[in-house]
Amino acid sequence: MKPIWNKIYAHPYLKEFGDGTLSISKFKYFLQQDHIYVVEYCRPLAIAISKADSAEEMKWFADLIIGGLTWEAKNEEKLAEMVGMNYEELTSAVQSPTSRA
């Protein structure tokens, strides 16, 4: 496992993020793609609610959706604002093939 972790930590994005050299444009792109990911991640969770065996399981999936669409999305909106992006810029990006995968 250690070689895999080492490769992850050596990724240029993480290195630049860690040492403070990541460009604002790369970070904005990440925020846009992550916002798409969070929204799309909630879709299969919504389907899982309809297939859950109990109300407790339904609630568990619902809590994940609420967390993604409220807490996670709000944090992204705050970060976007901090780097000079408005809500329209954050939410109007086209999903990249990598993000889709």
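Buried means under 20% relative accessible area. The model shown in these views is predicted.

**View 1. S96 sits in the loop between helix 5 and helix 6.** Helix 5 spans 87-91 and helix 6 spans 97-100. S96 has 11% relative accessibility, so this residue counts as buried. Its side chain reaches the backbone nitrogen of S99 at 3.0 Å. S96 also touches Y29 and Q33, leaving aside residues up to four places away in sequence.

**View 2. Helix 3 packs against helix 4 at an angle of about 165 degrees.** Helix 3 covers residues 24-51 and helix 4 covers residues 55-82. Their axes lie 9 Å apart. Angles over 145 degrees count as roughly antiparallel, and helix 3 and helix 4 are therefore roughly antiparallel to each other. Their crossing is left-handed. Helix 3 contributes F27, L31, D34, H35, V38, V39, C42, L45, A46, A48 and I49 to the contact. Helix 4 contributes M58, F61, A62, L64, I65, G68, L69, E72, A73, E76, L79 and A80. By class, the contact of helix 3 with helix 4 holds 18 nonpolar, two polar and three charged residues.

**View 3. Helix 2 crosses helix 3 at roughly 120 degrees.** Helix 2 is formed by residues 12-19. The axes of helix 2 and helix 3 come within 11 Å. This crossing, too, is left-handed. On helix 2, the contact is made by Y13, E16 and F17. On helix 3, K26, F27 and F30 take part. The contact of helix 2 with helix 3 has four nonpolar and two charged residues, with no polar ones. F27 of helix 3 belongs to this contact and also to the contact with helix 4.

Notes
Residues numbered from 1 in each chain as written. Predicted model: local features only at pLDDT ≥ 70, side-chain atom pairs only at ≥ 80, totals over all residues. Heavy atoms only, no water. Axes fitted to C-alpha atoms, helices over the stretch in contact; angles between N-to-C directions. Helix = DSSP H or I, 4+ residues; strand = E, 2+ residues; numbered from the N terminus. Parallel < 35°, antiparallel > 145°, perpendicular 65-115°, else oblique. Left-handed = near helix turned anticlockwise from the far one by under 90°. Contact = heavy atoms within 4.5 Å. Nonpolar A, V, L, I, M, F, W, Y, C, P; charged D, E, K, R; others polar. Buried < 20%, exposed > 50% of the residue type's maximum accessible area, 1.4 Å probe, protein only. Polar contact = N/O pair within 3.5 Å; in protein donor to acceptor, adjacent residues only side chain to side chain.
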